[in-house]
Amino acid sequence: MISDPSPFTVRPALRRQAVLTMALLALAVILMVGALGAVPLAGMLLAALMAVLAVVRLVLPTAAVGALAVRSRAVDAAVMLVIAAGLAVLSTSPNL
């Protein structure tokens with residue numbers, strides 16, 4: 001009997017990176033929406049995902065966000081919010 005499973009298996013890794021895993025699943029859905037022809041909607045959904053991730057980065061501790069933490073909390077959130085704003089503007093711009 002194994003009492004303590006290895007932390008290097010898939011299940012513990014997904015638990016450690018839960019925020020990133022959920023973000024990647026949301027990204028897959030957004031890509032499907034874009035591939036089905038609703039590109040402006042996919043752009044807005046991607047902007048919303050980035051904004052939500054920025055808020056998550058601000059609220060949750062660094063250990064909880066896993067690989068989403070790259071720089072300081074403020075810089076990570078600011079970069080994601082700028083990217084979200086840019087995506088929102090570009091996805092609503094006609095003929096781009």
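I take buried to mean under 20% relative accessible area, exposed over 50%, and partly exposed in between, with a 1.4 Å probe and protein chains only. I note that this is a predicted model, in which local features need pLDDT of at least 70, side-chain atom pairs count only at pLDDT 80 or more, and totals for chains, interfaces and linings use all residues. I number residues from 1 along each chain as its sequence is written, and side-chain values use heavy atoms, with hydrogens and water left out.

**Entry 1. Overall form**

I looked up the secondary structure, with helices (H or I, at least four residues) and strands (E, at least two) taken as DSSP runs numbered from the N terminus. The protein has five helices and zero strands, and its pattern along the sequence reads α-α-α-α-α.

I then looked up the dimensions. The radius of gyration, taken over C-alpha atoms, is set against a globule rule of 2.2 Å times the number of residues to the power 0.38. The protein has 16 Å, whereas a compact globule of 96 residues would have a value near 12 Å. Along the principal axes, the C-alpha atoms fill a box of roughly 60 × 35 × 15 Å.

I recorded that 20% of the 96 residues count as buried. The accessible area, from the Shrake-Rupley method with a 1.4 Å probe and, for residues, only the protein chains shown as cover, comes to about 6,600 Å² for the protein. Carbon and sulfur atoms supply 77% of that area.

For contacts, I use heavy atoms within 4.5 Å. Of the contacts between residues at least 6 apart in sequence, 45% join residues at least 24 apart.

**Entry 2. The nonpolar core**

In soluble globular proteins, nonpolar side chains tend to be buried together. I therefore looked for a nonpolar core, defined as a set of buried Ala, Val, Leu, Ile, Met, Phe, Trp, Tyr and Cys residues joined through side-chain atoms within 4.5 Å. The largest such core has 13 residues, and Leu-53, Leu-68 and Met-80 have the most contacts inside it. Helix H2 (18-35), H3 and helix H5 (73-92) each supply at least two residues of this core, and H3 gives the largest share, five residues.

I listed the neighbours of Met-80, not counting residues up to four places away in sequence. Met-80 touches Met-50, Leu-53, Ala-54, Arg-57 and Leu-68.

I also looked up Ala-23, which is found in helix H2. Ala-23 is buried because its relative accessible area is 10%. Leaving aside neighbours within four places in sequence, Ala-23 is in contact with Leu-49 and Leu-53. Ala-23 and Leu-68 are 45 residues apart in sequence, and their C-alpha atoms are 9.7 Å apart.

**Entry 3. Salt bridges**

I searched the whole structure for salt bridges, meaning a side-chain nitrogen of Lys or Arg within 4 Å of a carboxyl oxygen of Asp or Glu. The search finds two.

Asp-76 forms a salt bridge with Arg-57, with the closest N and O atoms 2.9 Å apart. This pair links distant parts of the chain, Asp-76 in helix H5 and Arg-57 in helix H3, 19 residues apart. Arg-71 forms a salt bridge with Asp-76, the closest N and O atoms being 2.5 Å apart.

Arg-71 has 46% relative accessibility, so Arg-71 counts as partly exposed.

**Entry 4. Residues of helix H5**

I looked up Ala-88, which lies in helix H5. Ala-88 counts as partly exposed because its relative accessibility is 22%. Leaving aside neighbours within four places in sequence, Ala-88 is in contact with Met-44 and Ala-47. Ala-88 and Leu-41 are 47 residues apart in sequence and 9.8 Å apart in space, C-alpha to C-alpha.

Ser-91 is also found in helix H5. With a relative accessible area of 15%, Ser-91 is buried. Not counting residues up to four places away in sequence, Ser-91 touches Pro-40, Gly-43 and Met-44.

**Entry 5. A surface patch**

I looked for patches, made of residues with over 30% relative accessible area and no salt bridge, where like charges are joined within 9 Å and nonpolar side chains (Val, Leu, Ile, Met, Phe, Trp, Tyr) within 5 Å. Val-55, Leu-58, Val-59 and Leu-60 form a nonpolar patch on the surface, together having about 330 Å² of accessible area. Val-55 is found in helix H3 (residues 39-59), and at 47% relative accessibility Val-55 counts as partly exposed.
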